[in-house]
Amino acid sequence: MIYFGTHHVKPATFLIPNSFRGKIIIIYGEPYGIKIPEKDGRYILKVPANGVMIVKNPLETGIIDEQYYFEDASYKKNKKIEILEQQDFNEDYTLEKTNKNLQEKSCCFFRWYRRL
């Protein structure tokens with residue numbers, strides 16, 4: 001019951017340059033930022049080479065539905081990025097180990113927000 005009563009944010013698809021490595025930072029609610037475009041009911045966020053996006057859209061909170069893709073030079077999706085959780089890395093402090101064999105070059109995303 002709680003799941004259905006919780007606000008769902010608009011689904012989003014992140015398109016990330018193939019060569020990008022680093023943090024993706026999104027600054028929400030800025031009047032001079034870009035308006036995030038939509039396609040087929042999803043926000044489409046094309047991550048720039050520096051990884052920083054400044055957008056007009058306000059920060060939405062709630063249950064998220066996000067997909068991450070690397071894109072080639074012609075801006076076409078070419079590889080979906082698997083969504084991992086921190087415990088998938090089987091660190092010494094991980095309580096429940098998984099059988100995933102992650103390579104050092106795995107790409108992953110960790111979500112963190114801070115309100116100023």
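This is a predicted model: local features need pLDDT of at least 70, side-chain atom pairs count only at pLDDT 80 or more; totals for chains, interfaces and linings use all residues.

Entry 1: I then looked up Lys80 and placed it in strand β7, which covers residues 77-80.

**Entry 2: the sheet.** Next I traced the strand order. I read an open sheet of five strands, β3-β4-β1-β6-β7, with mixed pairing. Which strands sit at the edges? I noted β3 (38-39) and β7, each of which pairs on one side only. I followed β3 to its partner: two bridges join it to β4 (residues 42-46), and the two strands run antiparallel. For Lys39, I found the bridge partner in β4 to be Arg42.

**Entry 3: the nonpolar patch.** I turned to nonpolar surface and found a patch of about 290 Å², made by Ile25, Ile27, Val52 and Ile54. Which strands supply it with at least two residues each? My answer is β2 and β5 (52-54).

**Entry 4: two isoleucines.** I checked Ile25 and Ile27 one at a time. Ile25 is in strand β2, and I list it as partly exposed because its relative accessibility is 41%. Ile27 lies in β2 too, a strand that spans residues 25-27. At 34% relative accessibility, Ile27 also counts as partly exposed, since that class runs between the 20% and 50% cut-offs.

**Entry 5: across the chain.** Last, I looked up one distance. Ile27 and Val52 are 25 residues apart along the chain, and I noted a separation of 7.8 Å between their C-alpha atoms.

Note on methods
Residues are numbered from 1 along each chain as its sequence is written. Side-chain values use heavy atoms; hydrogens and water are left out. Helices (H or I, at least four residues) and strands (E, at least two) are DSSP runs, numbered from the N terminus. Two strands pair if DSSP finds at least two bridges between them. Buried means under 20% relative accessible area, exposed over 50%, partly exposed in between (1.4 Å probe, protein chains only). Patches are made of residues with over 30% relative accessible area and no salt bridge: like charges are joined within 9 Å, nonpolar side chains (Val, Leu, Ile, Met, Phe, Trp, Tyr) within 5 Å. Accessible areas come from the Shrake-Rupley method with a 1.4 Å probe; for residues, only the protein chains shown count as cover. A salt bridge is a side-chain nitrogen of Lys or Arg within 4 Å of a carboxyl oxygen of Asp or Glu.
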